[in-house]
Amino acid sequence: MNTSTQHNPVKVPITVALGDGIGPEITTATLKILEAAGARIEPEFIEIGEQVYLAGHSSGIATEAWDSLRRTKVFLKGPITTPSGSGYKSLNVTIRKTLGLYANVRPSISYAPFVKTLHPKMDLVIVRENEEDLYAGIEHRQTDEVYQCLKLITRPGCEKIVRYAFEYARSHGRKKVTCMVKDNIMKMTDGLFYKVFQEIGAEYPDIEQERFIIDIGSAKLATQPERFDVIVTPNLYGDVISDIAAEMTGSVGLAGSANVGDHVAMFEAIHGSAPDIAGQGIANPSGILLGAVMMLIHIRQADVAERIHNAWLATLEDGIHTVDLQSEQTVKTVSTSAFTDAVIERLGQLPKTFKPVSYQNPTDQEITRSNYVRAKPSNKQLVGVDIFLHETRFNPDQLAEQLQSVDLGNLSLKMITNRGVKVWPEGFPETFCTDHWRCRFMAADSESSIKQSDIVYLMSTLTEKKIDIIKTENLCTFDGERGFALGQGQ
Ligand code: ATP
């Protein structure tokens, strides 16, 4: 494949959705700039979002639109409105997960002094895992009092996103990657994320590496954003800190983002459809325009991306601002279309105060980054089971007595917890208990392994005793290493 920055005359088909609210205004403006800059693209329009939801597609996208996305593999997406009401699923989450867009790349850059911000030196990129964590959407009501959302963190998910972050840092001349997790509490899930960060980080000795617990990391981000360069983090933390970071640069209307997978990539603004200003011609098109700049680099039109980005910087510097950027630095407050024309007029110019950007086309390796190779299976031994119960009749000691009064077969009761806190044996009466109990059973002679049939037998004897089982979790060791957390206080 040609990886030079020379002109490639072949037009690249891309899928475009104008979106809802301000979407048509800002996406059309962006396409106009792309065309004027000589982008070699062939847009294919699809309709997604509000009208499609209301026409009866609960996911907000019809089959023909999927066909286009899977054919072109490149998507420039205007912001979408998800109608209120429980029947409508988030289209963004659906597209990301269905098309395997595992990396959400969100640069947050300050444009001081031309855009007012408390943090003039901020220049960082958040690489957010985009497919798993609490966003797996696996939620259950288990008892009258307790609801559960499963946090899934996988080795392939961690390897893909962490490698992406390091490759991104290397190819974009960034010096440091910071991992933000909460592995002091979630030792297995966030612990895996950080472990993979260390493993893969060892392959990138040229990049400085550090870890922050997400709480103090977010506090540092809010007060000293200039100390960060690339941040890699699981889905939920990434969602929260990337919105905060974007807002800190001065306007939510300024940031673009890429959602990248091995097959398809989607580019958009980070902001929503802003219905409050839709149709007024005043929206700032910069977010989706910078998303389109990332798209042009992805499709190896770095030359066009560079022209557009530099013209855009020159426009900001000249004080030509949409209303959201208005400050004492504004020379002229303009409409969406006047801002668009101002960028087009400056194509070919370089900014004078800001450092001009310079882009290279990515190599194949930078585009196809994940290459996950499954390791050989470990030696997995079943050593016990956690049985979760819905129960209000007994206190912890009585519950233990009830459970031990049935034939437990080859298993014995080792521990009962409530919301993760050990309440038997030797619990404290002060511990508040809900109607949701986790009862840990292990081999009667402690360390040895058990069989699935032991669990089935245990469940049948408990059920005969009218114990309300709501779920079970197998307890296993993997190559001798414990694959389950201890109860708090155990
Ligand atoms: P969503 O839930 O879809 O993210 P939201 O209502 O929470 O939507 P936005 O649609 O991003 O958030 O709008 C937040 C605020 O920022 C609104 O006041 C909106 O007018 C403003 N805003 C968002 N995008 C732009 C833009 N491109 N130009 C100017 N103002 C914008």
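Me: Tyr102 and Tyr164, buried or exposed?
Reply: Both Tyr102 and Tyr164 are buried. Keep in mind that this is a predicted model.

Me: How many aromatic pairs turn up in the whole structure?
Reply: The search finds 9 aromatic pairs. Tyr102 and Tyr164 make one of them: the ring centres are 6.2 Å apart and the planes stand at 85°, so this pair is edge-to-face.

Me: Where do Tyr102 and Tyr164 lie?
Reply: Tyr102 is in the loop between α4 (91-98) and β4 (103-109). Tyr164 belongs to helix α5, residues 155-171.

Me: OK, next pair. What about the rings of Tyr111 and Phe354?
Reply: Their centres are 5.9 Å apart with the planes at 85°, so Tyr111 and Phe354 are edge-to-face. Tyr111 sits in the loop between β4 and β5 (123-129), and Phe354 in the loop between α11 (336-345) and α12 (364-367). That pair therefore links parts 243 residues apart in sequence.

Me: And are Tyr111 and Phe354 buried or exposed?
Reply: Tyr111 is buried, and Phe354 is too.

Me: Switching to charges. Which ring does the charged end of Arg128 sit over?
Reply: The ring of Tyr135. The charged end of Arg128 is 5.4 Å from the centre of that ring.

Me: What lies over the face of Phe484?
Reply: Arg482 does, at 6.0 Å from the ring centre.

Notes: Residues numbered from 1 in each chain as written. Predicted model: local features only at pLDDT ≥ 70, side-chain atom pairs only at ≥ 80, totals over all residues. Heavy atoms only, no water. Phe/Tyr/Trp six-rings, centres within 6.5 Å; stacked < 30°, edge-to-face > 60°. Helix = DSSP H or I, 4+ residues; strand = E, 2+ residues; numbered from the N terminus. Buried < 20%, exposed > 50% of the residue type's maximum accessible area, 1.4 Å probe, protein only. Lys NZ or Arg CZ within 6 Å of the ring centre and 35° of its normal.
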